[in-house]
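Had a look through this one and jotted down a few points. Have the viewer open while you read.

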Amino acid sequence: MGGARHVGWVAAGLVLAAGACYCVYRLTRGRRRGGRRLRLRPSRSAEDLTNGSYDDVLNAEQLQKLLYLLESTEDPAIIERALVTVGNSAAFSANQVVIRELGGIPVVGSKINSPNQSIKEKALNALNNLSVNVENQIKIKVYVNQVCEDVLSGPLNSAVQLAGLRLLTNMTVTNDHQHMLRSYITDLFHVLLTGNGSTKVQVLKLLLNLSENPAMTDGLLGAQVDSSFLSLYDGHVAKEILLRVLTLFQNINNCLKKEGCLVIGPTFTKGSLFYLLYGEECAQKMRALVYHQDADVKEKVTMLPKF
């Protein structure tokens, strides 16, 4: 009983530190922009961590306490607030290293298994910030397959789906882990076509990463994609989407040039992205976009194959 009461008091005190998430946010928006030196020191009290006047960066001792809290509590509200604080702390490059060295990545990663969608989202957000560090990616890659499954099977346009897409985008900035997404490419195009504007943009950011890697070109071109994909090349499509689908085409075309295999149609089946991009309907859309009112769009079109 005495031990349980002690753990309870520790958890109750530590959860208040989760309120530092807002304070860390103020720090990134304020002091970082102003260029003033960041101060590192232990928290003075729970009140310091939760009121608006606290603007210090969490140190290793505080981060260790938060990680302990994540492992020891089953209270969803406490877990969620602790994840937000860890995630915000991971916005600092030094803390990305500290959290890894404290064994924090598996602690945070385990929370993506939670049936609580809010906890899952916060865990994905924290992993996303941690994944900016290349060494951290080596530990985070074990979650890539599960994140892909969650993105594809979860509610469309949900916060969890967007958080998962952001993490996958960070994990594919380099070529090291892109191969892990090869079997999910067709499904990613389905999410692209069915999702709302925000989801479309995030999927395109991910696909653009893949399209820059020649080793992924055949996987992209061989993906079975609904013909409605070509509607993204219509002149009335939002610029942030249109420019990205044009860049996707450009990247794929450049990779084919590098490999010296622009005439490879027979290796792809009908209904594949290859047949859509290099078919007559797409050619007509490209010819129409030459007269688009936006200069950036017109410039992109001129870089594509001459139709």
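Which residues in α12 are buried?

1. Bear in mind that this is a predicted model. In α12, the buried ones are V160, Q161, L162, A163, G164, L165, L167, L168, T169 and M171.

2. What does the covering? The buried residues of α12 have α9, α10 (134-140), α11 (144-153), α13 (185-194) and α14 (197-211) among the elements over them.

3. Take the α9 pairing next. The axes of α9 (residues 117-130) and α12 (residues 159-171) come within 9 Å and cross at roughly 20°. Angles under 35 degrees count as roughly parallel, so that is what α9 is to α12. The crossing of α9 past α12 is left-handed.

4. On the α9 side of this contact you'll find Q117, K120, E121, L124, N125, L127 and N128; α12 brings A159, V160, A163, G164, R166, L167 and N170. Sorted by class, the contact has six nonpolar, five polar and three charged residues.

5. I also checked the helix length. With 13 residues at 1.5 Å a residue, α12 should span 18 Å, and its end C-alpha atoms are 18 Å apart, so the two agree.

6. Of its 307 residues, 49% count as buried. Among contacts with a separation of 6 or more, 70% come from residues 24 or more positions apart.

Terms used:
Residues numbered from 1 in each chain as written. Predicted model: local features only at pLDDT ≥ 70, side-chain atom pairs only at ≥ 80, totals over all residues. Heavy atoms only, no water. Axes fitted to C-alpha atoms, helices over the stretch in contact; angles between N-to-C directions. Helix = DSSP H or I, 4+ residues; strand = E, 2+ residues; numbered from the N terminus. Parallel < 35°, antiparallel > 145°, perpendicular 65-115°, else oblique. Left-handed = near helix turned anticlockwise from the far one by under 90°. Contact = heavy atoms within 4.5 Å. Nonpolar A, V, L, I, M, F, W, Y, C, P; charged D, E, K, R; others polar. Expected span 1.5 Å × (residues − 1). Buried < 20%, exposed > 50% of the residue type's maximum accessible area, 1.4 Å probe, protein only.
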